[in-house]
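Please find below a colleague's note on the structure under review.

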Amino acid sequence: MQWAKLLLNLNNPINALSGVPLREELSQRSYRRCLAAAQAEALALLDAAGITPAKLLPVPMHRFPLILRLPDFVFRRLAASMLAIDPLARTSMWEDLEAGRTTEIDYLNGEVVRLAESLDRPAPVNTKLVTLLRAAEAQRRTWSGPELLRELQG
């Protein structure tokens, strides 16, 4: 159950780095592709560790990255319930950054990095998100979807 919740919360640093509300962030394919990359990496590590995340949503977690990568018009139709949220809602990680507080990055993406280390495998996407968030804690910066995606793919 905890791993399934963590997989969903891998969006927190993306939302915090975006500087935009959740609905706006999830409406942009480039930001969703960032989340898909973080989730796919985590899911591969969970598979390697023999861990099966609980099913929290109608869609199995292993299909989530595929759905997130869909073009905007298809995603809006298939995942309308994900976008049916308060247009001003943001993650607690964004709130922490805005308030100058330390974020929970070490307990989200950092946990994926620790799992990778325990398996002697890389986790470049989640490692980069941890690095970017720690930098944002020191000096606030926002990223457009394409900029963040390039950074994570680089």
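The numbered points below take the helix contacts in turn and then the aromatic side chains.

1. The model is predicted, and side-chain atom pairs are considered only at pLDDT 80 or more. The comments that follow should be read on that basis.

2. Helix α2 spans residues 11-18 and packs on α10 with the axes 10 Å apart, at an angle of about 40 degrees. Angles under 35 degrees count as roughly parallel, and the two helices α2 and α10 are therefore oblique to each other. Their crossing is left-handed. On the α2 side the contact is made by P13, I14 and L17, and on the α10 side by L129, L132, L133 and A136. By class, this contact comprises 7 nonpolar residues, with no polar and no charged ones.

3. Helix α10 (residues 124-138) also meets helix α11 (residues 145-153): their axes come within 9 Å and cross at roughly 125 degrees. The pair α10 and α11 is therefore oblique as well. From α10, the residues V125, K128, L129 and L132 take part, while α11 supplies L148, E151 and L152. The contact of α10 with α11 divides into 5 nonpolar, no polar and 2 charged residues.

4. The axes of helix α4 (residues 29-48) and α11 come within 7 Å, crossing at roughly 30 degrees. With the limit for roughly parallel set at angles under 35 degrees, α4 and α11 are therefore roughly parallel to each other. The crossing of α4 past α11 is left-handed.

5. How many aromatic pairs does a search of the whole structure find? The search returns 0 such pairs. The charged end of R32 sits over the ring of F75, at 4.0 Å from the ring centre. Likewise, the charged end of R90 sits over the ring of W94, 4.0 Å from its centre.

Key:
Residues numbered from 1 in each chain as written. Predicted model: local features only at pLDDT ≥ 70, side-chain atom pairs only at ≥ 80, totals over all residues. Heavy atoms only, no water. Axes fitted to C-alpha atoms, helices over the stretch in contact; angles between N-to-C directions. Helix = DSSP H or I, 4+ residues; strand = E, 2+ residues; numbered from the N terminus. Parallel < 35°, antiparallel > 145°, perpendicular 65-115°, else oblique. Contact = heavy atoms within 4.5 Å. Nonpolar A, V, L, I, M, F, W, Y, C, P; charged D, E, K, R; others polar. Phe/Tyr/Trp six-rings, centres within 6.5 Å; stacked < 30°, edge-to-face > 60°. Lys NZ or Arg CZ within 6 Å of the ring centre and 35° of its normal. Left-handed = near helix turned anticlockwise from the far one by under 90°.
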